Amino acid sequence: MNKDTTQTVVKRESKNSIRVEFDRTPLIDRIRAKYFSLYFLKKAAWYIFRLLFLIGIAYIVLYPFIYKISASFMSPSDFDDVTVSLIPRSPTLNTYKAIISENGYFKALGNTFLLAGSCAILQTFVCCIIGYGFAKFKFKGNKILFALVIFTMVVPHTTLKLALQYEFRNFDILGIFNFLGGGVIEGINILDETYVRLNNTFWPLWILSATGLAFKNGLYIYMFRQYFKGVPDELEESAYVDGSGVFKTFVKIILPMAIPMLVTVFLFSFSWQWTDNFYTSLFFTTSGTKLMNSIIEVPKSLLVNLPTAADQYQNAIRNTCGLLIIAPLVIIYVFAQKFLIQGIERTGITG
Amino acid sequence: MRFHLPSLKKGNGKSKKAGSVKERNRIASLDKKKARAGWLFVLPFILGFLLIYIPIVWQSIQLSFSHINYIQGGGYDLQNVMFENYKNALQDPEFLNILWAGMKSMILEIPAILFFSLFVAILLNQKMIGRAAFRAIFFIPVILATGLISSIDYSQGNAAQNVSGISTGSSSSPSIVTASDIESLFSNMIVGTQLVNIVKDFANNIFDIVNRSGVQMLIFLAGLQGISPSVYESCEMEGASAWETFWKITLPMISPMILVNFVYTLIDSFTAESNKVMQYIKVVFQQVGGPEKSSAMSWFYFLVVILTVAVFGAIIGRLVFYQRRD
């Protein structure tokens with residue numbers, strides 16, 4: 001009791017003395033002390049440098065877009081007009097309207113969203129599991145298997161193009177379907193062929209995603225492995241001691257900790273599947289499923305006869321298609337980046 | 001720390017031959033259990049590699065060891081010629097020249113990309129006004145790197161120089177700085193032309209470097225989230241400066257991600273479609289007897305890449321700090 005009261009007295013006194021001292025110092029001195037200190041100057045210089053640096057780099061990134069965006073609002077007459085360079089004289093939304101209505105933008109958007117979303121979720125989850133397996137478990141062949149992951153990173157799929165296409169057009173793992181004999185499936189239809197035709201469906205990409213072989217999945221596995229390697233073993237050990245199994249520990253302890261990594265990998269896989277041209281043109285040979293790669297064309301209503309600047313106008317239209325493809329991704333990123341915030345207590349270990 | 005099964009069995013006393021197998025499964029040692037769990041976690045990759053990847057790769061490797069005999073009326077026949085295609089590929093002087101030149105240019109580029117992306121990631125991790133906007137802008141190169149958007153730019157090529165003289169494509173980088181600019185900047189100082197050229201190259205490459213470091217930036221950003229804020233807090237309490245905090249905390253804690261980014265940047269610059277060697281392999285493919293030669297070339301090239309990754313990865317891997325006991 002006694003000790004407590006003395007402490008509060010001391011506290012109040014010191015607080016008071018600070019206030020009194022603060023009131024007694026003249027305003028000019030106070031300002032000088034605050035704004036002319038080395039600490040403040042250093043901080044201000046750093047803020048200004050940081051801002052200028054980021055704006056400079058942002059300018060470099062956005063530089064090619066300045067013209068593309070302004071050109072997307074130009075009407076055909078602006079392209080013929082030599083005096084128009086960056087600001088359109090007669091701005092119009094016709095280019096956007098024509099692409100959205102005539103090229104089936106929303107249909108492509110829906111299909112691509114389904115494809116990219118399903119593939120990205122699969123890839124993120126599967127690569128997370130595989131990466132965790134490589135990082136935290138010692139078993140024979142761990143290193144050799146991981147070297148094989150690096151191998152899949154090195155060999156680009158463009159080199160294996162024909163074999164990839166063939167594999168999924170006549171899909172038959174080790175001749176199992178052949179062995180079972182007889183009619184096997186195309187979608188649902190039963191044919192007289194002894195393999196599954198998987199092209200023109202989402203299955204080739206789903207199969208590649210589920211086995212960690214899709215585009216740049218080696219990188220994702222590597223990212224997860226390194227991230228989990230940095231997690232101290234004590235964390236899992238304490239969970240094991242508390243009676244949690246390996247998989248429960250993974251779901252309850254490890255996954256929540258890896259959220260920044262999961263978000264990053266999801267963003268990568270989603271946006272690369274979204275803008276993908278290679279796999280979609282490889283596996284979707286007929287024009288059944290409308291995806292993003294099929295909207296890049298000049299709409300018929302915009303085929304105008306321009307004497308001098310026909311090429312420029314068509315390029316501007318194609319660039320506008322590109323802008324329409326990028327826009328949803330940037331919006332998704334703005335929402336997703338909120339998860340990239342420091343503050344998750346990682347170690348949970350004291351002593 | 002291994003549990004010995006026999007002694008446990010004695011303790012139980014009731015185990016007969018039939019029961020012992022069951023028991024062996026039940027009381028496996030922790031190491032064994034963990035190894036089994038490890039296999040389970042890695043299983044998707046093993047299955048995919050064995051059942052899908054090997055058959056695909058096998059075709060390409062087979063081609064590099066064979067000679068194609070085209071049969072009249074369509075179809076072809078593969079004839080095993082062992083290492084002849086590889087001999088042809090390695091006797092191509094241009095191939096080796098391009099390979100060597102490409103490797104030399106990477107010595108400067110890769111550290112530049114890594115430094116730049118780490119620096120920007122640290123900046124973007126700090127609290128500031130407009131952080132979301134900056135992050136979104138720096139994300140754009142990731143989308144541009146592959147696929148549709150680059151194909152739009154590529155199809156327009158150099159013909160699409162627009163009205164105002166601004167280049168439309170991100171693929172064609174206009175030179176921001178010329179040698180004379182740098183010379184006039186350095187005119188009062190005594191520096192050799194070599195240095196002027198290096199500075200000029202860097203200034204002009206910044207376009208390229210910024211556009212190639214988007215992925216690395218995001219990986220670093222995600223890695224930075226993993227560093228516990230309480231570590232920084234205690235650093236501040238102890239009076240460490242920002243400089244010291246970077247070297248003692250941020251760099252060691254982010255080092256696993258530096259290794260990832262190094263390996264990724266190396267592989268990416270080796271195997272990107274804009275790489276000179278990859279382009280040359282494509283050119284060779286069109287020649288007479290090209291498919292075999294180009295596949296031999298690409299497999300030799302991948303071998304070189306894997307060896308480079310292994311050597312440099314091992315060197316950098318030794319410097320990586322993992323937060324663990326052993």
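Predicted model: local features only at pLDDT ≥ 70, side-chain atom pairs only at ≥ 80, totals over all residues.
Local features were taken at pLDDT of at least 70 and side-chain atom pairs at pLDDT 80 or more, while totals for chains, interfaces and linings use all residues. Residues are numbered from 1 along each chain as its sequence is written, chains are lettered from A in the order in which they are written, and side-chain values use heavy atoms, with hydrogens and water left out.

Chain A holds 16 helices and two strands, both being DSSP runs (helices H or I, at least four residues; strands E, at least two) numbered from the N terminus. Of the 351 residues in chain A, 47% are buried, that is, under 20% relative accessible area with a 1.4 Å probe, protein chains only. Among contacts (heavy atoms within 4.5 Å) in chain A between residues at least 6 apart in sequence, 72% join residues at least 24 apart.

The contact between the chains takes 110 residues from chain A and 98 residues from chain B. The area buried there is about 9,600 Å², and carbon and sulfur atoms give 74% of that area; buried area is the accessible area (1.4 Å probe) that two parts lose on being put together, summed over both. In chain B, the residues losing the most area to chain A are Phe41(B), Phe45(B) and Leu148(B), together 9% of what that side buries.

One salt bridge is found across this interface, defined as a side-chain nitrogen of Lys or Arg within 4 Å of a carboxyl oxygen of Asp or Glu. Asp268(B) pairs in a salt bridge with Lys216(A), and the closest N and O atoms are 3.7 Å apart. Helix α3 (residues 30-64) of chain B gives the most to the side that touches chain A, with 21 residues. By class, that side of chain B has 66 nonpolar, 22 polar and ten charged residues; Ala, Val, Leu, Ile, Met, Phe, Trp, Tyr, Cys and Pro count as nonpolar, Asp, Glu, Lys and Arg as charged, and the others, Gly among them, as polar.

Chain B is divided into domain 1 (6-64) and domain 2 (84-175 + 212-317), with bounds from an automatic or database domain assignment. Five residues of domain 1 and seven residues of domain 2 take part in the contact between these domains of chain B. About 470 Å² is buried between the two domains, 57% of it given by carbon and sulfur atoms. Ser60(B), Leu63(B) and Ser64(B) supply 82% of the area that domain 1 buries against domain 2. Zero salt bridges are counted between the domains.

How values were computed:
Buried < 20%, exposed > 50% of the residue type's maximum accessible area, 1.4 Å probe, protein only.
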